[in-house]
Amino acid sequence: MELNGIRHADPFFERERQNYGSPLPSREYIMQVLEREGAPMSLDALAHALDIRDDEREFFGRRLHAMLREGQVMLNRRDAWLLPDKADLIRGRVQGHPDGFGFLLRDDKGEDIFLGPKAMREVFHGDRVIVRIKGLDRRGRAEGKVVEVLERANVRIVGRVLDEHGIRVVVPEDKRLAQDILVASGGKRAVPGQVVTVELIGQPSRAARPVGRIVEVLGHYADPGMEIEIALRKHELPFEFSAEARAYVRRLPDMVRRKDRVGREDITGLPLVTIDGETARDFDDAVFCERNGKDWRLVVAIADVSHYVESGIALDADARARGNSVYFPRRVIPMLPEKLSNGLCSLNPQVERLCMVADMDVSVRGEIKAYRFYPAVMFSHARLTYNQVAAALYEKDAKAISSLGGLFSHLQELDRLFRALLKARARRGAIDFETTETRMEFDDAGKIARIVPEVRNDAHRLIEECMLAANVCASDFLCGNNHPTLYRIHEEPLPKNLEKLRAFLTEFGVTLGGGDEPVAKDYAALLDKTRTRPDAQLLQTVMLRSLRQAVYSPDNVGHFGLAYDSYTHFTSPIRRYPDLLVHRAIKAVLAGKRYCPGNWEEIGLACSMTERRADEATRDVVDWLKCYYMRDRIGETFSGSVSAVVPFGLFVALDDVFIEGLVHISDLGSDYFHFDEARHALVGERTHMRYRLSDRVKVQLIRADLETSKIDFRLLASETRPTGRKGKTERGRILTEGKGSSKNVSGEKSGRKRHG
């Protein structure tokens, strides 16, 4: 800086040099100087203002270009440095749309910015960019122009090879990547129609289409298991363990060793049992219950994965990258190698296993009075299934009871505890939505033979309540000891969603209690009040959609749906990375230490992302399998109900078949139909006919497209409601025919799903 024409070192910068031992100013200080100057600065001017010496210029330039890559600063056409915010430039991530346009999801969480097809030709879905708002689009939305690409999100893309007038291209499987990729020479050979992976050697730009080289040929769409191979690559799911991780696992023992028992309590004498689904192979949890005076002692033993997967090793890095196991129909992509997930860590029957124990005292009111955590060695006395336990406890099946032998009395005590926990749940006001999950049954050729509902009995609920109790204790333990961890948080509904929900409920003569800040008990009370109504399913669906998604975060804001002030995941470390972190944190507290895996907030975001990624990949596979199942039923008619209403039509869920497809808006009759988001309806402008969520319909299957995973219906008959000009409603019936259209089918979540 200069005073009276004499150059002096900036005192703030000098303090930085002394305090941090750095010859360069921090990024924050560089941005402060640019802010203070109020105008773009040349490199020389900026270096002068920051008192950069000649021997520091090279390193200073590197720091500026690192800031440039992250969008903290910009270079204009005159090679002057400036702050993006000062130039009305906005950073964010591109979200593509199959129709060729997209949006910028802003880093500052402001309103999304529309990106037209012209802007999207320069980028792919997922890219990080800087845009400038150039005006408003036809709908009055802010429209952006791409100024600079900060980070490319796509390196490898899976897609189908096509031949367009002699030019070989790959059409991405992810429809949000709306540009075809030109195939360069030198890669692997593939024929039109095959599914391949291309490695991008040229990203899209204003002047050129993206170019890629084929590096992997997967096969044809109808090949067995192709739907999973596509999903793995489309969603970038890690499915191969590193060489270092595989080598480490090979060195692990097959059984618990004597030295592994040191420092652990021996609970091998407790008749612990696992209770899981018929097809489960990885057993995280075992339970035992006994009377303790007037109270109960509940022991929940969880596989001690942290003993074998230590923080910082290659296997830990692989598990962190996966985040969770992914349960596809007929195939699992495990978070841990099979030797651990199905062997050494799995609480298999009749073998010793290492575990972490939540040992709880539960009152007759179902309230946890005391608990303690400790490492132990256990012995599972039986591998039981939900159906087996339900048959013995609730159906009083003599054969099932006999098969349990002396374990039956322990299960009876466990059931009495379960009833107490249920009453505590009701007093707490936890929300309990009734949903139908499905299971696919396959033939010898590996294709769907039928889709059946997955019946959830009280044995499922029994285990769920035990796991909830252990999770709550884990959260309370870490919170009480002021140790950071990842909480499983579920925030209260957004005000705008509550406003829409209340407006919808008003039409049905019901209200949600709690005023502007309802709690879970208010939702639970409304569910209970409307449970016997004929429109109960409709009301439940709209209530469910008003809630937010649960995520992982180090900030403990509670779990709205479960009505817990503090909640975390402790019970599934074989298949969820957050649970493994919680185990390590508990062990650290027990040892009087501190566990620091890195930035907890970043880890929480990553774990939430991998969870969503697994759901999306599983949904893609299920959608494709359902399309394959329905393609031989073109022309058949089905009964069903409207499961979703969108601006372009109605999604219909078929009775008994458990498959969804689209009735396009053009198939609703001779009228202009308008989307009423608040009422979840499409309403005719002239006829006032209203198609609403949960309406009963009859449809005909007209298309099942394997390449796009889309199922289309034609509406044959529907119970519709003329809205009336004064808001009155009456029931009517209309017969229509139309051409139909397409939209991705919606699939139920596949794989193990329980314990909150």
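Predicted model: local features only at pLDDT ≥ 70, side-chain atom pairs only at ≥ 80, totals over all residues.
Five strands close up here, and going around, the order is 10-11-12-14-13, with mixed pairing. Neighbouring strands in this sheet are turned by 50° against each other on average, ignoring direction.

Let's zoom in on one pair. Strand 13, residues 195-202, and strand 14, residues 211-219, run antiparallel, and seven bridges join them. As a reminder, strands of a sheet pair through backbone hydrogen bonds, either parallel or antiparallel.

Now, what lies across strand 10, strand 13 and strand 14? That's helix 6, residues 226-234, and its direction makes an angle of about 150° with strand 14.

Next up, a helix pair. For helix 8 (residues 314-322) and helix 18 (residues 600-630), the axes come within 8 Å and cross at roughly 60°.

Who's touching whom? On the helix 8 side you've got Arg-320, Ala-321 and Arg-322, and they meet Ile-603, Thr-610 and Arg-613 of helix 18. By type, that contact splits into three charged residues, two nonpolar and one polar.

You'll find Arg-281 in the loop between strand 16 (273-276) and strand 17 (285-292). Is Arg-281 buried or exposed? Its relative accessibility is 53%, and the cut-off for exposed is over 50%, so Arg-281 counts as exposed.

Skipping neighbours within four places in sequence, Arg-281 is in contact with Glu-338, Ser-341, Asn-342, Ser-346 and Asn-348. Take Ser-341: 60 residues away from Arg-281 in sequence, but 8.2 Å away in space, C-alpha to C-alpha. And with Glu-338 there's a side-chain to side-chain polar contact from Arg-281, at 3.1 Å.

Last one, helix 16, residues 536-545. This helix is mostly covered, with seven of its 10 residues buried. The buried set is Ala-536, Leu-538, Leu-539, Gln-540, Thr-541, Val-542 and Met-543. And what do those buried residues pack against? Helix 14 (495-506), helix 15 (520-530) and strand 33 (689-692).

That's it from me, happy to take questions.

Notes:
Residues numbered from 1 in each chain as written. Heavy atoms only, no water. Pairing = 2+ DSSP bridges. Helix = DSSP H or I, 4+ residues; strand = E, 2+ residues; numbered from the N terminus. Axes fitted to C-alpha atoms, helices over the stretch in contact; angles between N-to-C directions. Contact = heavy atoms within 4.5 Å. Nonpolar A, V, L, I, M, F, W, Y, C, P; charged D, E, K, R; others polar. Buried < 20%, exposed > 50% of the residue type's maximum accessible area, 1.4 Å probe, protein only. Polar contact = N/O pair within 3.5 Å; in protein donor to acceptor, adjacent residues only side chain to side chain.
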